[in-house]
Amino acid sequence: MTDLELSDSEAPLLEETYRELRLPLLRLAFLLTGSRETAEDVVQSAFLSAQPRWHRIDDPPAYLRRSVVNLAKDGQRREYRRRRLLPPEPESVTANPELDETWALVRQLPPKQRAVVVLHYYEDLPLVDIARLLHRPASTVRSDLRRALDRLRKALR
């Protein structure tokens, strides 16, 4: 059996995990990226990268959540580099205005602050878990959250 093949007992576990975690991971990816299409790609990539090593993963939900956060962050880096190299696109006159003012403001936060806000308020994770997930000190995560909330308060006034 190669690394890419799952044994008969592992395949159902992966499928069951996919059915159970797909929607929460899609929500997380969407909140981090702001795009449904990108969220789908991120979640699919997370499961694809987990599949060859599925039998060695101790905590699949944590592994997949971390993978989604990393893939979203990588995508944001690529997008940032792409935007820096291309001339700015004019805003479309026909685009629908953002319905949720708060969400529009959250999307404008720097990526690290946005990740902390999304993981804390939308995924309902404690700051200690967020720090572990992002591989950052808990004090830094608390500072990021405080700074993000300060920015949001100022913008909402």
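Start by selecting Leu64: setting aside neighbours within four places in sequence, this residue is in contact (heavy atoms within 4.5 Å) with Thr17, Leu21, Leu25, Ala46, Phe47, Ala50 and Trp54. Before going on, a word about what you have open: this is a predicted model, in which local features need pLDDT of at least 70 and side-chain atom pairs count only at pLDDT 80 or more, while totals for chains, interfaces and linings use all residues. Residues are numbered from 1 along each chain as its sequence is written, and side-chain values use heavy atoms, with hydrogens and water left out.

**Zoom out to the chain**

Switch to a cartoon view. You will find seven helices and zero strands, where helices are DSSP runs of H or I with at least four residues, strands are runs of E with at least two, and numbering starts from the N terminus. Of the 157 residues, 35% count as buried, meaning under 20% relative accessible area with a 1.4 Å probe, protein chains only (exposed is over 50%, partly exposed in between). Among contacts between residues at least 6 apart in sequence, 62% join residues at least 24 apart.

**Into the core**

Now select Leu64 again, together with Val68 and Leu119: these have the most contacts inside the largest nonpolar core, which has 38 residues. Such a core is a set of buried Ala, Val, Leu, Ile, Met, Phe, Trp, Tyr and Cys residues joined through side-chain atoms within 4.5 Å. Among the elements giving two or more residues to this core are helix 2 (36-50), helix 3 (60-85) and helix 4 (101-107).

**A stop at Arg114**

Next, select Arg114 in helix 5 (residues 111-122). Is Arg114 buried or exposed? At 10% relative accessibility, Arg114 counts as buried. Show the side chain and follow it to the backbone oxygen of Arg107, at 2.6 Å. Beyond neighbours within four places in sequence, the contacts of Arg114 include Leu31, Leu32, Gln76 and Val106.

**Last stop: two crossing helices**

Finally, select helix 6 and helix 7, whose axes come within 8 Å and cross at roughly 110 degrees. The axes are lines fitted to C-alpha atoms over the stretch in contact, with angles from 0 to 180 degrees between N-to-C directions. The two helices are therefore roughly perpendicular to each other, a label for angles of 65 to 115 degrees. To see the contact, show Leu127, Ile130 and Ala131 of helix 6 with Ala138, Val141, Arg142 and Leu145 of helix 7.

Technical notes
Polar contact = N/O pair within 3.5 Å; in protein donor to acceptor, adjacent residues only side chain to side chain. Parallel < 35°, antiparallel > 145°, perpendicular 65-115°, else oblique.
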